[in-house]
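Please look through the structure below slowly, and keep it in view while you read the paragraphs that follow.

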Amino acid sequence: MSGVENQTSARQLPPHVFVLFGATGDLAHRKLFPAMYQLHRKGLVPDGFSVVGTARTKYTNEGFRDEVFQSMQSFVKGGIPNDDVWRSFAERIHYVPGNVDKVEDFRNLHDYISQVEEERDHGGNRMFYLAMAPRFFGETALFLKESGLADTKGWRRLIIEKPFGHNHESAAALNEQLRSAFEEEEIYRIDHYLGKEMVQNIEVIRFANSMFEPLWDNRSIASVQITSSETVGVEDRASYYEKAGVLRDMIQNHMLQMVMMTAMEPPSRLRTEAIRDEKVKVLRSLRRYDIEEVKKNVVRGQYRAGEINGQAVPGYLEEKGVAPGSKTETFMAARLFIDNFRWAGVPFYIRTGKRMPVKSTEIVVQFRNMPKHLFFNQDGNLGPNLLVIRINPVEGMYMQLNVKRPGTDNVVVPIAMEFSQPSDKSPEAYERLLHDAMIGDSTFFTRWDEVSLAWKFVDPIAEAFADSSTPLHEYASGEWGPQAATDLVQGEPGIWWPVYGEKVPSVESLLMCEKAQAVEVK
């Protein structure tokens, strides 16, 4: 195929039929088809690979292929040409209209897939991706079993998107439905944050560098901060967001996943279950809060009208689809504690929200201060050492160190040693995760016990939020959340460290942390 790149055989995918439910939806157009196209363009998919999409909308195969091509002009950077690469990919795409609440339509889909499998050698392997409303997950799994679609001579796998339930009880009920049709090792619960290059790089930074792992504990680390900020509001997702809020939308999955990756113990080996076992241990050690403890350690907020990048934006209560007087939180900050030997006493601060000044995701590891007696009477800024892992929008890391200013007598200033990589050199998260699922690597997917323990941590916080005595703070759009979130870190470290893109003073003007000044590392 002209224009298709050659990749190493180690990344070559096995033959299979990729069955995509919700094939006309936003997720399929924005993420899934572009990801599969990139895998095809790189020469990673074998001849025995086909995509069969299904949804309610009536399309022919050709009509659906045209729809996918047009959508990828918007969702693949720079668009894609109508060349041999696209045409060879389009030949793999099929479409069958149907409803997910009718078992007859599943049987029709089964018949069509059987015909596709007769045309190409797919090895009897089937991947099912549920890119649909979560309320259909359990029923769809049962219909896959009842219709015979899940009965195949090869392997079968099921990928589902978040949210996985809305509390522990509903998640357990959903899991029971899924397990009646699929084994646990066949279920891939996707969290796209785990597909990001620098999130996966955390374990390499820690476990492949002797300069970090010996210091990765409460004797050397004072605190950890994890920020994931968005500039957008709820946009057209108010119906979902009113039920979820930032607690269920971000904390229960993405934020806790980054906490686990940062705090996990070294696995016994670099194998899927060994890594996932260590992540689960973090959740088992995560301190759970009652209502009064939530009030002391958790801050929730809701954005009001303000400005983002000089443009006026409405408050949450003015957004289309939001209930009058809604108490849904759009921001949350929390002080977490992991009560194990490694992390005892070290606060993990997390914050995430909408309508914040910049879009950024970073992890800041602050090391304990050196004794200041040597430089106590010296001019300059003896600040803490930092290790910052940048996940989005730039990928990389930097270390903040103290050195003597050239040409002075022991005037101390902070400097930054930085590594960054072009984000366009890294595969998109969905491309990486689809590849992993297709080869059967579930390392960066969520196991049921992770989901269960995450809900057991989140549910008491949700109950506290439902209590009228728990405050809901307001913050203007374009601000870093309410003042209460700033007050949360006043003890240690004293500030929220700035993230990429934030307008703050330069590195050379850094003052000591206890003076509550911020720094931008360029």
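The model is a predicted one, which should be kept in mind throughout.

In soluble globular proteins, nonpolar side chains tend to be buried together. In this model the largest nonpolar core has 151 residues, and the residues with the most contacts inside it are Phe18, Phe21, Phe33, Trp86, Tyr129, Leu336 and Leu434. Helix α8 (residues 238-263) gives the most to this core, contributing 13 residues. Apart from this core lies another one, of six residues, including Val364, Tyr398, Ile495 and Trp497. Phenylalanine 21 shows what such packing looks like around one side chain: leaving aside its neighbours within four places in sequence, Phe21 is in contact with a set of residues that includes Val100, Phe106, Leu109, Phe128, Tyr129 and Leu144.

Which strands pair with β4? Strand β1 (residues 16-21) runs parallel to β4 and is joined to it by five bridges, with valine 17 having arginine 126 as its bridge partner. Strand β5 (residues 156-160) is also parallel to β4 and joined to it by five bridges, and here methionine 127 stands opposite arginine 157. Together with helix α5 (residues 137-146), strands β4 and β5 make a right-handed β-α-β unit.

Lysine 162 lies in the loop between β5 and helix α6 (168-179). Is lysine 162 buried or partly exposed? Its relative accessibility is 23%, so lysine 162 counts as partly exposed, since buried means under 20%. Beyond four places in sequence, Lys162 touches Ile190, Tyr240, Asp249, Asn253 and His254. Arginine 56 sits in the loop between β2 (49-55) and α2 (61-75), and touches Tyr95, Pro97, Gly98, Asn99 and Asp101, again without counting residues up to four places away in sequence.

The unreviewed UniProt entry also gives the feature "binding site" for His192, Lys196, Glu230, Asp249, Lys354 and Lys359. Histidine 192 is found in the loop between β6 (187-189) and α7 (197-207), and at 25% relative accessibility it counts as partly exposed. Its contacts, leaving aside neighbours within four places in sequence, are His254, Ala429, Tyr430 and Leu433. Lysine 354, by contrast, is buried, because its relative accessible area is 3%. Not counting residues up to four places away in sequence, Lys354 touches a group that includes Glu230, Val232, Arg237, Tyr241, Tyr303 and Tyr475, and Glu230 is itself among the positions that the record annotates.

Conventions:
Residues are numbered from 1 along each chain as its sequence is written. This is a predicted model: local features need pLDDT of at least 70, side-chain atom pairs count only at pLDDT 80 or more; totals for chains, interfaces and linings use all residues. Side-chain values use heavy atoms; hydrogens and water are left out. A nonpolar core is a set of buried Ala, Val, Leu, Ile, Met, Phe, Trp, Tyr and Cys residues joined through side-chain atoms within 4.5 Å. Buried means under 20% relative accessible area, exposed over 50%, partly exposed in between (1.4 Å probe, protein chains only). Helices (H or I, at least four residues) and strands (E, at least two) are DSSP runs, numbered from the N terminus. Contact means heavy atoms within 4.5 Å. Two strands pair if DSSP finds at least two bridges between them. A crossover is right-handed if, with the strands pointing away from the viewer, the path from the first strand over the helix to the second runs clockwise. UniProt positions are given in the numbering used here, feature names are shortened, and annotations may be inferred rather than shown by experiment.
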